[in-house]
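Q: Hi! I have a structure open and would like to talk it through with you. Can we go over it together?

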Amino acid sequence: MKLPIFIADAFTTKAFRGNPAAVCLLENKLDEDLHQKIAKEMNLSETAFIRKLHPSDNFTQKNVNSTLTFVTMSGELKARKEEDGIVLDLPLYPAHPQKLHEVKDLIKTAIGDTLVQDVRYSPDTKKLLVRLSDTYNRSFLESLTVNTENLLQVETTGKVKGLILTLKGEPGGQTQAFDFYSRYFAPWYGVAEDPVTGSAHTVLSSYWSEELGKKDLHAFQCSKRGGELTISLRSDGRVDIKGGAALVLEGTLTA
């Protein structure tokens with residue numbers, strides 16, 4: 001069996017930045033077990049499989065449909081191509097006020113004595129959003145050492161499955177202006193830190209839109225790889241998250 005496979009970096013226009021993901025092209029349907037084995041072999045946070053709808057379809061021909069629909073554990077995910085990037089059509093999840101004393105041990109374990117300005121919780125996604133004090137800047141968030149190794153021992157209830165750290169953006173000067181910054185950690189799923197993730201921004205978008213009174217947001221995820229996201233909240237309760245993409249590898253998977 002030989003399958004065309006690619007690795008692309010998402011939410012960036014430069015190689016070796018953003019979020020790396022594998023894309024595998026399928027002529028025919030594969031067993032679920034083989035899907036999982038290929039994804040494990042790629043060892044990336046995402047591996048997408050694109051299969052022909054009809055035998056006569058040809059991957060080498062230009063796709064006249066600008067939208068692709070992916071079947072995921074969270075439901076259908078739609079991605080459409082625009083001139084300046086790729087847009088993900090995602091659900092928008094509210095973040096509700098969270099009592100600090102209920103999660104203080106988790107936060108203390110993760111970031112020590114770092115000052116916290118607000119704490120929210122998304123029951124739909126089981127993500128805990130922690131807004132750091134406005135006295136901090138982007139450099140502080142980028143260099144902050146986050147202890148993810150002990151979070152599994154501190155949070156065992158199953159309530160929290162992801163930790164978002166976020167910070168209000170800074171006015172534009174010599175550097176590009178962003179509405180907010182973030183980092184995302186999910187050791188409960190085996191991901192110490194996700195380089196750039198759309199899923200965390202389904203919660204972040206809701207929070208920062210309310211805080212800033214804006215429907216259109218510009219965000220930067222401050223992982224070591226870094227990633228830039230353009231966000232638009234829609235009236236139907238969903239959110240469009242747009243970013244660039246850079247193809248970094250093209251090859252053939254043999255098995």
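This is a predicted model: local features need pLDDT of at least 70, side-chain atom pairs count only at pLDDT 80 or more; totals for chains, interfaces and linings use all residues.

Q: What about Asp89, buried or exposed?
A: Asp89 counts as buried, since its relative accessibility is 12% and the cut-off for buried is under 20%.

Q: Which salt bridge does Arg234 form with the closest N and O atoms 3.2 Å apart?
A: That one is with Asp89 too: Arg234 and Asp89 have their closest N and O atoms 3.2 Å apart. This pair also links distant parts of the chain, 145 residues apart. Arg234 is in the loop between strand 14 (227-233) and strand 15 (238-243), while Asp89 belongs to strand 6 (residues 85-91). Arg234 is partly exposed, with a relative accessible area of 25%.

Q: Where does Asp236 come in, and what does its side chain meet?
A: The Asp236 side chain meets that of Arg234 in a salt bridge, at 2.7 Å from N to O. Asp236 is partly exposed, because its relative accessible area is 46%.

Q: Which residues do these shared partners join into one network?
A: The network is made up of Arg80, Glu82, Asp84, Asp89, Arg234, Asp236, Arg238, Asp240 and Lys242.

Q: How many salt bridges does a search of the whole structure find?
A: It finds 21.

Q: Switching to cysteines now. How many disulfides turn up?
A: The count is 0 for the whole structure.

Q: Are Cys24 and Cys222 buried or exposed?
A: Cys24 is buried, because its relative accessibility is 0%. Cys222 counts as buried as well, at 2% relative accessibility.

Q: Now the inside. How many residues does the largest nonpolar core have?
A: That core has 25 residues, and the ones with the most contacts inside it are Ile111, Leu128, Leu132, Leu163 and Leu165. Two or more residues each come from helix 2 (100-111), strand 8 (116-122), strand 9 (127-132), strand 10 (162-168) and strand 11 (180-186).

Q: Which element gives the largest share?
A: Helix 2 does, with 5 residues.

Q: What does Ile111 touch?
A: Leaving out residues up to four places away in sequence, Ile111 is in contact with Val116, Leu132, Leu144, Val146 and Leu165.

Q: And what is in the second, separate core?
A: That one has 23 residues, including Leu88, Ile164, Val196 and Val203.

Q: OK, back to the outside. Which residues form a nonpolar patch on the surface?
A: Phe16, Val248 and Leu249 do, and together they have about 300 Å² of accessible area. Phe16 is exposed, with a relative accessible area of 66%, whereas Val248 counts as partly exposed at 32%.

Q: Where are Phe16 and Val248 found?
A: Phe16 lies in the loop between strand 1 (2-10) and strand 2 (19-26). Val248 is part of strand 16 (residues 245-254).

Q: What is the phi of Phe16 near?
A: Phi of Phe16 is near 70°, a positive value in a residue other than glycine. For background, most residues other than glycine have a negative phi.

Q: What about Lys126, which has a positive phi although it is not a glycine?
A: Its phi is about 60°. Lys126 is located in the loop between strand 8 and strand 9, and with a relative accessible area of 35%, Lys126 is partly exposed.

Q: Last one: where is Lys224, and is it buried or exposed?
A: Look in the loop between strand 13 (216-221) and strand 14. Lys224 counts as exposed, because its relative accessibility is 89%.

Q: How far apart are Lys224 and Leu30 in space?
A: They are 35 Å apart, C-alpha to C-alpha, and 194 residues apart in sequence.

Terms used. Residues are numbered from 1 along each chain as its sequence is written. Side-chain values use heavy atoms; hydrogens and water are left out. Patches are made of residues with over 30% relative accessible area and no salt bridge: like charges are joined within 9 Å, nonpolar side chains (Val, Leu, Ile, Met, Phe, Trp, Tyr) within 5 Å. Accessible areas come from the Shrake-Rupley method with a 1.4 Å probe; for residues, only the protein chains shown count as cover. A salt bridge is a side-chain nitrogen of Lys or Arg within 4 Å of a carboxyl oxygen of Asp or Glu. Helices (H or I, at least four residues) and strands (E, at least two) are DSSP runs, numbered from the N terminus. Buried means under 20% relative accessible area, exposed over 50%, partly exposed in between (1.4 Å probe, protein chains only). A nonpolar core is a set of buried Ala, Val, Leu, Ile, Met, Phe, Trp, Tyr and Cys residues joined through side-chain atoms within 4.5 Å. Contact means heavy atoms within 4.5 Å. A disulfide is a pair of cysteine sulfur atoms within 2.5 Å.
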